[in-house]
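I opened my notebook to go through a protein model with you, one look-up at a time. Here is what I was working from.

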Amino acid sequence: QVQLVESGGGLVQPGGSLRLSCVASGSILSIRAMGWYRQTPGKQRELVASITIGGSTNYVNYADPVKGRFTISKDTAQNTVYLQMNSLKPGDTAVYYCNADLMTRTYAHGDYWGQGTQVTVSS
């Protein structure tokens with residue numbers, strides 16, 4: 001089994017900051033990439049940021065609305081990915097989900113998701 005556990009969500013005023021964390025654990029052989037998605041009611045889940053985990057070169061990708069405000073980073077040894085969110089706007093309000101593209105110890109490859117953490121930006 002694989003578990004992704006997110007933390008760090010909450011209520012913040014516009015212009016404020018939050019840092020999300022996601023730890024992947026369980027029967028993991030290797031992780032190719034991890035990322036953050038977000039979803040609001042009635043809308044599809046959308047990519048916020050992603051980062052490669054394995055290999056010697058880091059590839060980072062950001063959605064246009066968050067470029068310059070959000071930063072994704074990783075701790076490869078701990079199978080952990082972070083999302084530093086600065087200059088938050090009400091439009092960033094959503095449930096944020098962690099995603100991992102990984103291979104298990106039984107050589108099953110696939111996408112795994114966390115349970116989601118609520119981020120609310122409001123005065």
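**Entry 1: Tyr96 and its surroundings**

I began with the neighbours of Tyr96: beyond four places in sequence, this residue is in contact with Glu6, Leu20, Trp36, Tyr37, Arg38, Val48, Phe70, Leu83, Met85, Gly116, Thr117 and Val119. Contact here means heavy atoms within 4.5 Å.

A note on the source: this is a predicted model, where local features need pLDDT of at least 70 and side-chain atom pairs count only at pLDDT 80 or more, while totals for chains, interfaces and linings use all residues. Residues are numbered from 1 along each chain as its sequence is written, and side-chain values use heavy atoms, with hydrogens and water left out.

Next I looked up where Tyr96 sits, and found it in strand S9, residues 94-104. Strands (E, at least two residues) and helices (H or I, at least four) are DSSP runs, numbered from the N terminus.

Is Tyr96 buried or exposed? Tyr96 has a relative accessible area of 0%, so I wrote down "buried". The cut-offs are under 20% relative accessible area for buried, over 50% for exposed, and partly exposed in between, using a 1.4 Å probe and protein chains only.

I also checked what the side chain of Tyr96 does, and it makes a polar contact with the side chain of Arg38 at 2.9 Å. A polar contact is a pair of N or O atoms within 3.5 Å; within protein, one must be able to donate a hydrogen and the other to accept it, and residues adjacent in sequence count only if both atoms are side-chain atoms.

**Entry 2: the core**

Which residues have the most contacts inside the largest nonpolar core? I found Met34, Trp36, Leu83, Met85 and Tyr96, in a core of 30 residues. Such a core is a set of buried Ala, Val, Leu, Ile, Met, Phe, Trp, Tyr and Cys residues joined through side-chain atoms within 4.5 Å. The largest share, five residues, comes from S9. I reminded myself of a general point: in soluble globular proteins, nonpolar side chains tend to be buried together.

Leaving aside neighbours within four places in sequence, its contacts include Cys22, Ile51, Ile72, Asn79 and Cys98.

**Entry 3: the disulfide**

How many disulfides does a search of the whole structure find? I noted one. The term stands for a pair of cysteine sulfur atoms within 2.5 Å, and in general it is a covalent bond between the sulfur atoms of two cysteines.

The partners are Cys22 and Cys98, with their sulfur atoms 2.0 Å apart. Because Cys22 lies in strand S3 (residues 18-26) and Cys98 in S9, the pair ties together parts that are 76 residues apart in sequence. The torsion about the S-S bond is about -85 degrees, so I recorded this disulfide as left-handed. Cys22 is buried at 0% relative accessible area, and Cys98 is buried at 0% as well.

Cys22 turned up again when I looked at Thr80, whose contacts beyond four places in sequence are Cys22, Val23, Ser73, Lys74 and Asp75. The side chain of Thr80 reaches the backbone oxygen of Gln78 at 2.9 Å.

**Entry 4: rings and charges**

I looked for aromatic pairs and counted one. The rings of Tyr37 and Trp113 have their centres 5.0 Å apart and their planes at 65 degrees, so the pair is edge-to-face. The rule takes rings of Phe, Tyr and Trp (its six-membered ring) with centres within 6.5 Å; planes under 30 degrees apart count as stacked, over 60 as edge-to-face and the rest as tilted. Tyr37 is partly exposed at 23%, and Trp113 is partly exposed at 37%.

I also found the charged end of Arg19 over the ring of Tyr82, 4.0 Å from its centre. The charged end of Arg45 sits over the ring of Tyr97, 3.6 Å from its centre. For this, NZ of Lys or CZ of Arg must be within 6 Å of the ring centre and within 35 degrees of the ring normal.

**Entry 5: two positive phi values**

Most residues other than glycine have a negative phi. I noted Asn79, with phi near 50 degrees, in the loop between S7 and S8. Tyr107 has phi near 65 degrees and is found in the loop between S9 and S10.
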